[in-house]
Amino acid sequence: MTSRLAIAALTLFWTAGSVALAEEASRPVELPPTVSGLLVRYCVDCHAAGNAEGDVNLQDMSTLAIGGQLDLLNRVQEQLFFQTMPPAEADQPSDEERSTSANWLRTELRRRGASKLDEKLRLPAYGNYVDHDKLFSGEITDAPFTPARRWLVSPQIFAQRASDVFGPPGFGRPASLYGVTNPFVLPDASGVRYYDDETLDGGALLVMLTNADWMSQKQVLGARIKNGELKVEDLPNQQDRWVPKNYSAAFDAIVLKKSAPTDAEITQAVRAQFAGVLQRTPDASELAKYAKLTRDAIAIGGNSEGLRQMLLAVLLESEFLYRLEFGAGAADQHGRRMLAPREGSYALSYALGDRGPDAKLLQAAEQGRLNTREDYRREVLRLLDDKTYFAAEIDPNMGGKVVRTVVSHPRINRFFREFFGYPMATRVFKDPERGLGIYQNPDRGTTGTPGFLVNEADRLVESILRQDKDVFATLLTTDRYIVYYDKAPEVGRQIIAEWKQIWGALKGTPWKTEPEKVIVDNKAALAGHKHFRLPEGPHQKREFLRHMWFFSDYFDKGVTPFTTISTAHGYYINHSPFYNLPPTPLPGRYGATETPNFKGLDDTRFWDYPVEQPFKIENRKGILTHPAWLTAHSLNTETDPVRRGRWIREKLLAGRVPDVPITVDAKVPEDHHKTLRERLEKVTSAQQCIKCHQYMNPLGLPFEQFDDFGRFRSQEALEHAENIVGKQNNLPVYETLPVNPRGALDSTGNAALDGEVKDAFDLIDRLAKSPRVRQSFIRHAFRFFMGRNEMLSDSRTLMDADKAYVQNGGSFKAVVVSLLTSDSFLYRK
Amino acid sequence: MQHRRDFFTNAFLALGGLSLPGFLPRLSAAQTAPLAGGATPMRFIFMHRGNGLFPKVCVPPTLGAAEQEKEKRNDAFEVDLDKHRLPAWMEPLEAHKKDLTIIQGLSGKMCTVGHHSWCSSLGVFKANERPSSIKWATVDFELARLFPSPMEHIELACFPTDGGNARGSLDGIAKGFSARGPQQPNYAFGSPKIAVDEIFKSVAADKTGQVQYQLQRKVLEFVAGHETELARRLAGIEQRKVGNYAGAIDDIRERNRKIDLMADTVRRHVPKLDSKYLAEKMTTLDRQMGHAEVLLASLISGLTNVVSFTVDELGHHYSGIPGIEGENVNMHDVGHGKVIGDIEAVEIRRRTELHHMKVMEKIASRLKSVPEGKGTMFDNTMIFYFPNSGETHHAQGTEFPFIVLSGSNSKLQLGSRYIRLPYWGKEGHKTLGNFYTTILNAYGNPIEHYGDPDVALDKFIRDQRGPIRRFLG
């Protein structure tokens with residue numbers, strides 16, 4: 001009780017002391033009785049002098065400087081907000097006590113610009129802390145806005161901006177710049193990854209110093225060559241001989257001049273660099289500063305090097321790396337300003353792609369036609385209809401790791417990639433032997449098996465987006481997938497028809513024993529095909545035999561082969577078993593068919609390839625049962641029901657799971673005679689574990705129907721040396737135990753959907769029917785396009801987007817239009 | 001002999017100029033602070049070479065029958081080196097035998113191996129030529145951050161000029177084999193001359209160098225002023241978004257100022273390179289020795305505490321090999337066993353490796369001649385020599401032999417030993433990740449495990465994380 005008295009005394013001390021201090025920011029905090037009372041009743045028994053658990057001592061607050069006091073109050077605020085204190089076994093404050101104190105603390109800390117909770121809530125992981133029911137209740141009538149901001153460019157936008165310095169695409173501009181390293185990296189994680197909370201730091205500066213040096217060298221290289229200062233063949237790095245074709249006449253003029261440049265020439269050069277790098281004109285003060293820098297540098301280093309220093313300095317402007325969105329004009333009655341037209345043009349363009357605005361959008365901004373919501377709607381619809389301007393890989397930043405998929409609006413597809421997180425499959429390394437010996441990890445020159453799986457998930461998403469009907473539910477429940485599929489159906493049909501024709505004509509000939517003669521005798525049957533051509537020369541017999549053996553594996557068995565023969569150069573598509581589909585032949589099967597030692601083929605039954613896709617696959621339901629998603633949410637050697645469950649809780653149910661306490665060493669114990677479910681349930685059933693795991697396990701365990709490669713299963717192999725019961729295809733076969741895929745669903749907002757689920761398919765069906773799940777999609781789309789977490793004041797924007805989706809038959813395009821014409825998008829405060 | 005104590009304090013705070021990340025520090029709080037209590041820093045030299053290093057050539061030839069049998073079976077064992085002769089190609093290290101450890105049996109199957117490995121062997125992940133494959137900072141950079149220095153880290157290389165990993169020039173500055181962080185390749189100096197020009201440019205004697213230095217200072221001053229002015233007009237988060245950047249530029253300027261203050265010291269250590277190390281047509285062997293001079297000067301002057309040195313790479317065309325001095329030897333051919341100038345490939349390997357040992361010996365001897373504290377600079381140094389792509393030309397990554405010289409203040413308990421660790425898949429087997437974790441843990445980075453796991457090893461060893469405890473003492 002002593003400590004309680006101490007706290008009471010402390011409060012009085014602060015109050016009295018505050019009068020003496022003039023500076024608001026440095027005034028000691030005055031705790032109102034509600035807050036000090038709460039601390040006395042629920043906290044000080046464990047957090048006072050002599051018993052300061054976790055090194056939190058509330059009793060000594062008065063002895064702290066204001067910085068220490070604010071730090072301590074921030075810690076109290078977080079505990080109250082996240083409801084992590086008092087501990088479960090201790091007396092708890094009522095909801096009213098908690099919220100009254102939390103609100104006071106937040107207001108006070110905000111008033112002093114010191115609320116760390118506010119900063120934390122800006123982070124992607126804290127998006128769901130905004131009350132879902134309130135957001136969609138309609139009771140919030142605040143006018144939506146986005147805080148005025150600098151938003152760091154994404155890695156993809158940076159790549160475009162850097163290239164834009166050397167002119168528009170085409171005209172000899174390379175796809176990537178040899179000497180430029182992207183200073184930005186997005187986190188490797190499921191969920192929206194590109195937020196406005198990142199800050200330019202020393203790391204980016206160091207990378208930019210090198211980038212700017214290289215870029216400025218290139219910007220004057222053409223002129224210096226013209227000036228006879230150097231020759232391409234004398235460049236120190238002969239791999240880097242590119243001379244930009246687009247460089248400014250203003251730079252030329254200075255480099256080529258034999259005397260110091262005039263003020264007008266310098267001004268022109270500064271203007272040209274601003275146009276190329278910052279894509280705007282400099283104001284008078286900037287012009288003066290940069291002109292002086294140029295003149296001074298020229299005086300030291302001569303025209304070329306002096307000019308280059310100015311180019312370099314502009315490239316180092318932080319503005320080059322930020323998107324600026326501050327709004328302009330008079331504030332409305334809510335204190336909001338609409339985006340300036342130029343800002344708006346960039347915001348729109350970067351919402352849909354990675355490039356800056358096209359000519360029409362820029363023109364609209366310049367001519368006063370980007371000032372109203374209708375203006376934005378017109379431009380959004382126009383840009384969505386334009387299938388070429390933004391067309392690019394979904395994520396060029398992942399290029400090389402994942403088979404490249406070009407789409408018309410990469411940012412839209414990228415949302416689904418990030419939301420579902422399936423590209424993370426490329427980050428989970430597997431033991432190929434466990435993957436039937438055919439799983440290939442990403443490596444140099446190959447995307448490996450996960451690359452193909454990610455590509456196929458991309459294509460599935462794209463096919464659903466093209467239909468643009470019930471997009472969310474279809475993504476969750478479709479049983480139709482795209483697998484392999486490297487040719488359009490009409491081409492595929494033609495290939496199969498030609499192959500069948502050849503097989504039909506030649507299968508009765510002695511092609512196995514007299515291939516040369518068969519080729520000569522059947523020239524007509526082998527010729528005239530669009531997609532089948534036997535090479536002339538030494539490889540003719542080999543190719544003929546390979547194809548005939550390949551045909552023999554299929555056509556007489558009534559099975560259609562994949563439309564590319566497995567001996568084709570660079571072929572390594574063999575992952576059909578990860579969908580539980582029959583295998584396709586490995587290249588080696590036909591590799592030696594022309595050699596004397598070839599003894600014929602075994603009678604393997606291969607996959608009957610559907611030329612028309614998407615096609616139905618048994619025991620699959622939507623993206624969450626796609627091998628790419630399942631692999632992405634797995635561990636190196638086993639499944640990960642906890643991560644899968646957490647994903648559903650957070651991404652589909654708009655729920656929250658507390659962070660793993662630092663005292664927890666989250667490991668599932670080894671036991672070679674139990675399933676993973678049994679081991680997980682054993683270790684998480686303890687009281688202190690289940691309070692978090694209850695939010696994840698029941699949602700993730702139904703996916704135990706699939707192994708960590710994404711294969712459907714009813715039995716779980718107990719993979720350990722002591723459980724080997726035989727060998728198949730040279731790989732060990734293990735004892736198994738039946739899979740228990742039961743789980744439970746809650747918080748769907750619909751009692752009829754909540755309850756026990758019998759397996760993953762049951763769970764998915766219920767999720768797809770839940771309005772809350774639909775709204776959770778919308779919330780994540782909001783975060784993706786706004787680059788921030790939603791606030792309660794964004795309620796109207798979210799409800800409008802949800803309404804647009806529903807009223808337009810589940811159109812994601814309608815969601816995009818709604819979001820990009822919302823107040824949250826248009827207004828800054 | 002030059003005593004270093006006088007300029008140690010400043011040495012942690014200085015920096016070169018505006019230009020290459022290869023010698024620009026990461027601007028972290030840790031870096032701005034000198035080591036606690038003014039302690040002497042450790043230095044780390046990573047010398048790696050391409051084309052693999054055969055484990056069998058690293059075995060002392062005087063092993064007894066029982067030990068030879070264990071060696072043949074790849075069973076774990078160890079012997080004191082003072083009771084054994086070193087393999088002939090390691091003889092240059094004879095004088096340093098008491099500081100020498102030969103470690104065999106570390107695997108790196110989680111790395112890209114085979115012809116090229118990029119940042120794999122220093123980063124313990126599968127890397128390739130694309131920066132996007134770089135997962136995190138390589139171990140040398142992690143160590144550099146534990147022992148801050150003005151330039152943080154310096155990388156030197158005998159670049160490959162063909163094969164799948166070619167650089168545009170032997171003599172330029174190009175992407176190296178270390179990484180500063182995720183997706184951030186480091187840059188390396190290809191020739192001793194360019195390394196000296198860049199590393200020691202703050203004390204450049206020639207006019208062009210001085211002008212460049214002056215211009216770089218000017219631009220930094222301008223940009224810092226501009227961004228600081230912008231930040232001053234902002235508040236809260238927006239202020240931080242620009243203020244951090246402005247602050248980072250100011251950090252560089254401040255360090256430039258301090259490096260200027262230590263100009264006399266730096267000037268004293270500018271390597272006076274023999275003309276053969278500056279020649280346009282320098283042999284590979286001379287290039288390696290020239291790089292060693294730069295490496296020593298950088299360490300002794302206090303400009304850095306960590307140097308990575310790509311002694312060669314598969315795509316490097318070797319010249320100056322004794323007996324075939326006139327040949328431009330394609331190391332890929334050597335990897336495939338080609339006889340060149342009547343010399344067997346194995347012998348060509350031996351001659352190049354012998355030279356590597358001479359380079360290593362030179363570095364160790366020179367550091368032993370520089371007094372530091374109560375001993376010499378070598379006491380506070382570890383030198384690692386290892387193949388960057390495993391056990392042979394087309395390696396599987398089952399073995400990465402390490403030849404280590406460590407000074408008496410090393411925190412790793414290695415001793416003058418030949419140590420064969422349990423082979424891949426056997427109980428107690430250790431990976432490159434375990435070895436680097438050990439080094440990092442020993443010097444203050446508590447990381448649980450550095451590097452990717454070897455997923456194929458999982459079925460033999462369920463928990464492959466953590467340090468090699470016996471090396472931690």
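Let me begin with helix 6 of chain B, whose buried residues pack against strand 4 (154–157), strand 6 (184–189), helix 10 (275–278) and helix 11 (284–300) of chain B. Helix 6 of chain B covers residues 192–199, and the buried residues in question are Pro192(B), Ala195(B), Val196(B), Glu198(B) and Ile199(B).

Please keep in mind that what we are looking at is a predicted model, for which the predictor gives an ipTM of 0.81 and a pTM of 0.83 for the complex. Chain B has an average pLDDT of 88, with 92% of its residues scoring at least 70, but over residues 1–34 of chain B the pLDDT stays under 50, although the model has 103 contacts beyond four places in sequence for that stretch.

Now to the place where the chains meet, to which chain A contributes 44 residues and chain B contributes 49 residues. On the side of chain A that touches chain B, the elements giving two or more residues are helix 8 (202–226) and helix 11 (284–315) of chain A, and helix 11 of chain A gives the most, with nine residues.

Finally, I turn to helix 21 of chain A, residues 540–552, which has 13 residues and reaches 18 Å from its first C-alpha to its last, close to the 18 Å expected at 1.5 Å a residue. Among the buried residues of helix 21 of chain A are Phe544(A), Arg546(A) and Trp549(A), and the buried residues of this helix pack against helix 18 (489–506), helix 19 (515–521) and helix 22 (588–591) of chain A.

Methods
Residues numbered from 1 in each chain as written. Chains lettered and ligands numbered in written order. Predicted model: local features only at pLDDT ≥ 70, side-chain atom pairs only at ≥ 80, totals over all residues. pLDDT = per-residue confidence, 0-100. Contact = placed C-beta atoms within 7 Å. Helix = DSSP H or I, 4+ residues; strand = E, 2+ residues; numbered from the N terminus. Buried ≥ 20, exposed ≤ 12 C-beta atoms within 10 Å, placed from the backbone. Expected span 1.5 Å × (residues − 1).
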